[in-house]
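Reader: Can you walk me through this one? Start with the charged contacts, please.

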Amino acid sequence: MQGVSSPRGGIATSQSPPFTLPMRYLLLGVVGFGVFALDLAWQSTALGANRTWSPGVVALTHTLTLGSLLAFVMGAVYQLTTVAFLIPIRALRVARLNFWLYAVGATGLVVSMAQWWLVGMMVFGSLTAVSIYLYAGLIAWSIATAKTRGTMLWFVGLAHLYLAVAVTVAWLMIVSLQGGGFLAGVIEKLLWTHILFATGGFFTFLVMGFSFKLVPMFTLAHGFSGARQTWTLLFANLALWGLVAGVWVDSRLWLWGAGVVGLAAFVNHGMTLFEIVKKRLRKVVEVPLKAVLAAALVGMGAVALLLLQLGMALQAPGWQGVVALYVMGWITLSVMGFAYKIVPFLIWNQRFSKNVEKNKTPMIADLLHPHHARPALWGFTLGLLLLTVGTMADWFFATVVACVLISLSILVFCVQMLIVIHPKKVIKELTAID
Amino acid sequence: MIDLNEVRTRLQEVYDPEIGVNVIDLGLVYRMEEAEEGKLYIAMTMTTPGCPAHDNISQAVEWKAALVRGVETVTVDVVWNPPWTPEMMSEQARTQLGY
């Protein structure tokens, strides 16, 4: 090599944010998953005895949704948005500072929920709400500049709009509790609206939207049609708004109709994913991606169960079974599946991509082989199916065993993530860069 | 005078970190030429626009090409036209992926 200077002539299409931004959220998500797993095992007997509205179980639910899923998803979105839409994240400094607001707000909110401390729920709930509005605003601002405006952009954009709605409704419920129950007459409707916009709106739209980029990218699929994606978008929106309307007009028929449209959205989404996988170049479908496909099937199953529940006019345990299957089977399993691909890539990019001139740069699979995801993901799926049966049949023993199995599977997932992340190294990296 | 065959051999050491196949066998390198004495130009692509490993792969190509005797500067252009298709892969890459 003779005094090489190498002007980069190529157009830069990589707009990745600094490592610290997604990694902090992902790390918080992994810790959140760990806390959730331990708390789930601890509260398994309360769940088995159907004490699902106790403060401890409300806190447990939000440890999963806020502490694990949303934290993890926010980190992934900061990274994936730049990849999927070829745009940079706007106001990076605000995004970085917002992490601390979220971490303090969400932690305080979950602890306050566990104690049923209304003042704490009001204060920390407000902090969390502000932080989520900021996050959703930053993503909306960033993707507004995207030049390619396909279905995926609509999915991601609407997901963040629905997130803001879900948070607003939750905040109104807390304000009502604190202010003497001025919304007591509609609190149950508000609760369902919150659940629907958070799970059927934000998480569902986001997972569906990013699947259109991630599944082809990881399976190296080419030549598939994107025609069905628009129908999925339409059905998912109709189902969400239909269900919300059904809750407010209190019409079982309306809810049933919206559920059928929701099922159509999932069937369509499943068919889209299977077409992508059919057109893959990599013969072997890796375990994490199999889990993502299984999650779409479970989502379909959860909506079918919702229809059954509505048709047979079943009582509370059935509803808990539907919500648990949807949140854990569709959303959590999808997030865990994608995590096995996203986290090793981020770490590889941070630690090894700079060694490209050396011959011994490891492959991403050397950090955590996708096959190693098997015990965590399949153990989780098995536990989840058992939990659904146990919850719906009001079967104490099955519910407790299922909770313990899910808990162990998530702990295996956390340990594997931490082995890849290497806490000692990552703390050094996070503090060195900022 | 740059030996383009040597550059090609060097670039076979640059792997897509996710797929585990080198950029030459993947068919990512479209064109290599010595525009002026010692100045190497490489036009390449990625398997998908917005590939998260974009920067790493193009930097690795730059580094490896710079190691070849006679190379003074390297310019790597990442282009999207024509888009990459599976037909651009070598037989070896197809076998490796099970395609």
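Author: Start with E13(B) and K64(B): their side chains form a salt bridge, 3.3 Å from N to O. A salt bridge here is a side-chain nitrogen of Lys or Arg within 4 Å of a carboxyl oxygen of Asp or Glu. The two residues are 51 residues apart, with E13(B) in the loop between α1 and α2 of chain B and K64(B) in helix α3 (residues 54-66) of that chain. Helices are DSSP runs (H or I, at least four residues), numbered from the N terminus.

Reader: What are the ground rules for the model?

Author: This is a predicted model: local features need pLDDT of at least 70, side-chain atom pairs count only at pLDDT 80 or more, and totals for chains, interfaces and linings use all residues. Residues are numbered from 1 along each chain as its sequence is written, chains are lettered from A and ligands numbered from 1 in the order in which they are written, and side-chain values use heavy atoms, without hydrogens and water.

Reader: Back to that pair. Is K64(B) buried or exposed?

Author: K64(B) is buried, at 2% relative accessible area. E13(B) is partly exposed, at 33%. Buried means under 20% relative accessible area, exposed over 50%, partly exposed in between (1.4 Å probe, protein chains only).

Reader: How many salt bridges over all chains?

Author: The count is 9. One of them pairs E18(B) with K341(A), closest N and O atoms 2.7 Å apart. E18(B) sits in the loop between α1 (4-11) and α2 (23-26) of chain B and K341(A) in helix α11 (residues 316-351) of chain A, so this pair joins two chains. Both E18(B) and K341(A) are buried.

Reader: What does E286(A) bridge to?

Author: R282(A), with the closest N and O atoms 3.5 Å apart. Both residues are buried. Through shared partners, salt bridges join R282(A), E286(A), K341(A) and E18(B) into one network.

Reader: Why is the F266(A) and W330(A) pair edge-to-face?

Author: Their planes are at 85°, with centres 5.0 Å apart, so the pair is edge-to-face. F266(A) is buried at 3% relative accessible area, and W330(A) is buried at 1%.

Notes:
Phe/Tyr/Trp six-rings, centres within 6.5 Å; stacked < 30°, edge-to-face > 60°.
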